[in-house]
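Subject: Handing over the structure

Hi,

Here is the structure I promised to pass on to you. Have a look at it first, and then read on for what turned up in it.

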Amino acid sequence: MAVGSTQQFTAIGTYSDGSNQDVTFKVTWSSSDTSIATVSTYGLITAIAAGNTDIVASLSDTISSPVDVVTNIPAPKLISIALSRPVVKSLIVGETQQFKATGTISDGTVEDITSQVTWASSNPTIATISATGLATGVAPGKTTITATVSGITSVGIVLIVIAP
């Protein structure tokens, strides 16, 4: 389980006559280490910190086998890409303009990912863009520049190329 997530457990009791019954709301739930995960009176597990804990259910003098719950802190991941460029919004044919990509990470940090993204121009006959984010004006018109990595694509920036 990821820290901060929840998971519902269910307790099924097997009786001496061979019948089974859902006893989730009748048992007493417990966690061997409540600093790792807690369990509500109805079997809802909440992961508090990284580690291992055993969850058991008891009813009268019967105790379930422990279920080992492993909790972890998920690795930070990229959640969005933002593009920036110099103030100039147009290029003369033959000029270049450097674009920059910054990534917002799930842990709240922001990183320069310019060299990690795949750059694209919606119309390479108007402007091309290199693997490093350097756009070059090819012909008059407009194109949209985007960056993609790990299945996430930025919002595009319009680049206008004008005749010399």
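A word on terms before the first finding: a pocket here is an open set of grid points with protein on both sides within 12 Å along at least five of seven lines, and a residue counts as lining if it has an atom within 4 Å of a point. Please also keep in mind that this is a predicted model.

**The largest pocket**

With that in hand, the largest pocket has a volume of about 320 Å³. Its lining is made up of 20 residues, and those nearest the centre are Ile-12, Gly-13, Val-23, Val-27 and Thr-62. Which strands each supply at least two residues of this lining? They are strand S2 (12–14), strand S7 (51–59) and strand S8 (62–63). S7 gives the largest share of the lining, with 5 residues.

**Around strand S7**

Strand S4 (residues 28–31) is joined to S7 by 4 bridges, and the two run antiparallel. Within that pairing, Ser-31 has Ile-55 of S7 as its bridge partner. Strand S9 (residues 67–71) also runs antiparallel to S7, with 5 bridges between them; here Thr-53 has Val-69 in S9 as its bridge partner.

S7 also pairs with S8, in the antiparallel sense and over 2 bridges. Ser-58 stands opposite Ile-63 of S8. These two strands form a hairpin with 2 residues between them, and Ser-60 sits in the turn.

Is Ser-60 buried or exposed? Its relative accessible area is 75%, so it counts as exposed, the cut-off for that being over 50%.

You will find it in the loop between strand S1 (6–8) and S2. Phe-9 has a relative accessibility of 15%, so it counts as buried, since buried means under 20%. Phe-9 and Ser-60 are 51 residues apart along the chain, and 19 Å separates their C-alpha atoms.

**Around strand S18**

With strand S15 (residues 118–121) it pairs in the antiparallel sense over 4 bridges, and Trp-119 has Ala-147 of S18 as its bridge partner. With S20 it again pairs in the antiparallel sense, over 5 bridges, and there Gly-141 stands opposite Val-161 of S20.

Strand S19 (residues 152–153) is joined to S18 by 2 bridges, and these two run antiparallel as well. The bridge partner of Thr-148 in S19 is Thr-153. S18 and S19 make a hairpin with 2 residues between the strands.

Where does Ser-150 lie? It is in the loop between S18 and S19. Phi of Ser-150 is near 50°, which is a positive value in a residue other than glycine. The relative accessibility of Ser-150 is 65%, so this residue counts as exposed.

**A nonpolar surface patch**

Strand S20 (residues 157–162) contributes the largest share of the patch, namely 3 residues.

Why does Ile-162 count as partly exposed? Its relative accessible area is 38%, and partly exposed covers the range between the buried limit of 20% and the exposed limit of 50%.

**One more spot**

Finally, have a look at Gly-103, which is found in strand S13 (residues 100–105). Its relative accessibility is 0%, so Gly-103 counts as buried. Gly-103 and Pro-164 are 61 residues apart in sequence, and their C-alpha atoms are 35 Å apart in space.

Technical notes: Residues are numbered from 1 along each chain as its sequence is written. This is a predicted model: local features need pLDDT of at least 70, side-chain atom pairs count only at pLDDT 80 or more; totals for chains, interfaces and linings use all residues. Side-chain values use heavy atoms; hydrogens and water are left out. Buried means under 20% relative accessible area, exposed over 50%, partly exposed in between (1.4 Å probe, protein chains only). Two strands pair if DSSP finds at least two bridges between them. On a 1 Å grid over the protein atoms alone, a cavity is a set of points where a 1.4 Å probe fits but cannot get out, and a pocket is an open set with protein on both sides within 12 Å along at least five of seven lines; lining residues have an atom within 4 Å of a point. Grid points are joined across faces, edges and corners, and a volume is the space filled by probe spheres set on the points.
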